[in-house]
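Me: I would like to learn how to read a structure that is new to me, one feature at a time. Could you show me the model and then take me through it?

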Amino acid sequence: MLQSSVDRVAEATPRAITRRMHGLSDRALAWLFVAPSIVLLLAVNIFPLIWTIRLSFTNFRVNRPNAEVEFVGLKNYLSILSDRDIWLSMQATAHFLIWTIVLQVLIGFTLAYLINKKFRGNDLWTTIIVLPMMLSPAVVGNFWTFLYQPQIGLFNYAVGFLTGADPSSFSMIGDVSLAPWAIIIVDTWMWTPFVMLICLAGLRSIPASIYEAAECDRASKWRQFWTITVPLVLPFLMLAVLFRGIENFKMFDLVVQLTGGGPGSITELTSINLKREAFEKWRTGYASAYAVILFVTVFGLASIYVKALNKVKQR
Amino acid sequence: MSSYSVTEPSLRQKWSAGILVVLYALITILPLVWIIATSFKSPSDAIAYPPKTFFTPTVEGYVNVFTTRTRLSEEQLQAVGEPQTWYDRLVRKDGLVISGPSRFAERFTNSVIIGFGSTVLCIVLGTAAAYAFSRFKVPLKDDLLFFILSTRMMPPIAVAIPIFLMFRALGLSDTHAGMILLYTAVNLSLSVWLLKGFIDEIPIEYEEAALIDGYTRLQAFYKVVLPQAATGIASTAIFCLIFAWNEYAFAVLLTSGNAQTAPPFIPTIIGVSGQDWPAVAAGATLFLVPVMVFTILLRKHLLRGITFGAVRK
């Protein structure tokens, strides 16, 4: 029997096609692949969020399950917005947010700029600098309370050594005027590498040809820095600020372990304040309204910021 | 370099930049070195003034973190008899006897189970969703992707109340299954976004070739895409693992006895008389060192992971 190659191809092709028909269609597969993730997120994120919104209009308390749940309208929202303690914790959050971002951007950008000078071994040192970022904030925060101990703490000893002050004369986490800085220092220590890595990616993305062209035009190094380096790194830097902003608005673990919101309530950031309302005072309805206000604030600020970021990118 | 380049920094610039960066690195690494050093100190060395740089190392902290101890009087100590093992002998120096294991090993195991469980689930769900988003026409694709990302913006405390109620109703509170599900949901946004980036980078021609060769879509996914995406999947998995490993807020609010992980437990370690810093440091060292190793392994993909794939090198 003589069989040409054409015949063989003809024989093989239908089989391949039928095999494909037996498989699922792309459309079905797409749904099959996406659905589980979406369902899980709906169940664990969106459903609770809707529940929070619903609870926020009631006077429900988890620790009194048998009490009658009443619909109280906007009462929770109004009392939160007129609560002095909550405004104070918003201020504490704003102070923390602004200073951590300013310090991390300044130090992070400087470090990235220096690393980009490509000295020998810069990869090794970058990796070392990055280490604190990935560690558990709760465990590390707890250990920092040891470093901050007045007499025996390493931090106080180092400050005393450098400034000549008595290491037992100040307490970073016990002193009302120092505690806000105690949390800013640890957060900056942990997260400066994050800003640094993003800036470094930005700096490395600038083609050398731009600097060469500027050099031909006899632009000074100073001018090159402000007209080339800064504008081209800016979108990266803004992205870093977005991430740090969202993360630090939610800040909980590190500060709970470091100061627990104290002394008094001077470092009681909104998340800690909210936890106190929800899980210590058990004012569930009230705390839910608080949670909704916080979520709307983050989401609103982030959306405005992303619009600004996109404008900078398009330039 | 033989040829002159206007963009190459001068040797002097390199040296001064190098010295400043090394100085910063040494300062920034000091607290971590201190944790590890403290874990090998005796309690009196740990709280000495001035802080001790040189000391006789001891594993007392490690013994203390795994055990509970009681102080006995002279007569009682004699009644107990001579210490049998090296760790008995170590605590007997301070007039203590080991009264049983601490809960540290249990909490650490919980961290491992919940960390790995949620990572596996996260990768399975995330790879499937990322593949679909990368290759298929999914209706409302951009909205769904943004929705997935936005779940990350919620402060954990804000959804903790209803999750607390929901878990109680479903019998999931303080269980491993509940925490695995929760951490999967928390990390899913990261997993989908990162993996979509990695799969986008695999040329679609490979799959088309496989489809023409008679593979079904599913076969092409298994035999062509998955092997190609292996590095991406591995680094995504490590990120999910680290984030689940480090998570504190949900763990402290939703677990107490059974499924509590190590982060809420380590700060509660106390000795027979007050805070036992070497034991805390020993617990912290055991908990943090694996993450440091993973960070070093991941260094090439670090930036990508922490920015959800927004910045790629």
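This is a predicted model: local features need pLDDT of at least 70, side-chain atom pairs count only at pLDDT 80 or more; totals for chains, interfaces and linings use all residues.

Me: Which helix gives the most to the side of chain A that touches chain B?

Reply: It is helix H2 of chain A, residues 26-55, which contributes 17 residues to that side.

Me: How do the residues on the side of chain A that touches chain B divide into nonpolar, polar and charged?

Reply: On that side of chain A, 60 residues are nonpolar, 12 are polar and 10 are charged. As a general idea, the size of an interface is often expressed as the accessible area that is lost when the parts come together, whereas the contact here has been described by its residues, 82 of them from chain A and 83 from chain B.

Me: Turning to each chain by itself, how many helices and strands does chain A have?

Reply: Chain A has 13 helices and zero strands, and its pattern along the sequence is accordingly written as α-α-α-α-α-α-α-α-α-α-α-α-α. With a radius of gyration of 28 Å, well over the 20 Å that the globule rule gives for 315 residues, chain A is more spread out than a compact globule. Taken along the principal axes, the C-alpha atoms of chain A fill a box of roughly 100 × 75 × 40 Å.

Me: Into which domains is chain A assigned, and how far apart do their C-alpha centres lie?

Reply: The assignment gives domain 1 of chain A as residues 14-55 and domain 2 as residues 79-314, and the C-alpha centres of these two domains are 37 Å apart.

Me: When two helices pass each other, how should I read the crossing, and at what angle do H12 and H13 of chain A cross?

Reply: One reads how near the axes come and at what angle they cross. The axes of helix H12 (residues 270-279) and helix H13 (residues 284-314) of chain A come within 8 Å and cross at roughly 160°. Angles over 145 degrees count as roughly antiparallel, which means that H12(A) is roughly antiparallel to H13(A). The crossing of these two helices is left-handed.

Me: Which residues of H12(A) and H13(A) meet?

Reply: On the H12(A) side they are Thr270(A), Leu274(A), Glu277(A) and Ala278(A), and these meet residues of H13(A) that include Tyr286(A), Tyr290(A) and Leu294(A). By class, this contact of H12(A) with H13(A) has seven nonpolar, two polar and one charged residues.

Me: Where do the axes of H12 and H15 of chain B run, and how do they cross?

Reply: Helix H12 of chain B covers residues 230-246 and helix H15 of chain B covers residues 277-298, and their axes come within 11 Å and cross at roughly 150°. H12(B) and H15(B) are therefore roughly antiparallel to each other, and H12(B) passes H15(B) in a left-handed crossing. The contact is made by Ser235(B), Ile238(B), Ile242(B) and Trp245(B) of H12(B) together with Val291(B), Phe294(B) and Leu298(B) of H15(B). Of the residues in this contact, six are nonpolar, one is polar and none is charged.

Methods
Residues are numbered from 1 along each chain as its sequence is written. Chains are lettered from A and ligands numbered from 1 in the order in which they are written. Axes are lines fitted to C-alpha atoms, for helices over the stretch in contact, and angles run from 0 to 180 degrees between N-to-C directions. Helices (H or I, at least four residues) and strands (E, at least two) are DSSP runs, numbered from the N terminus. Angles under 35 degrees count as roughly parallel, over 145 as roughly antiparallel, 65 to 115 as roughly perpendicular and the rest as oblique. A crossing is left-handed if the near helix is turned anticlockwise from the far one by less than a right angle, and right-handed if clockwise. Two residues are in contact if their C-beta atoms, placed from the backbone, lie within 7 Å. Ala, Val, Leu, Ile, Met, Phe, Trp, Tyr, Cys and Pro count as nonpolar, Asp, Glu, Lys and Arg as charged, and the others, Gly among them, as polar. Domain bounds come from an automatic or database domain assignment. The radius of gyration is taken over C-alpha atoms; the globule rule is 2.2 Å times the number of residues to the power 0.38.
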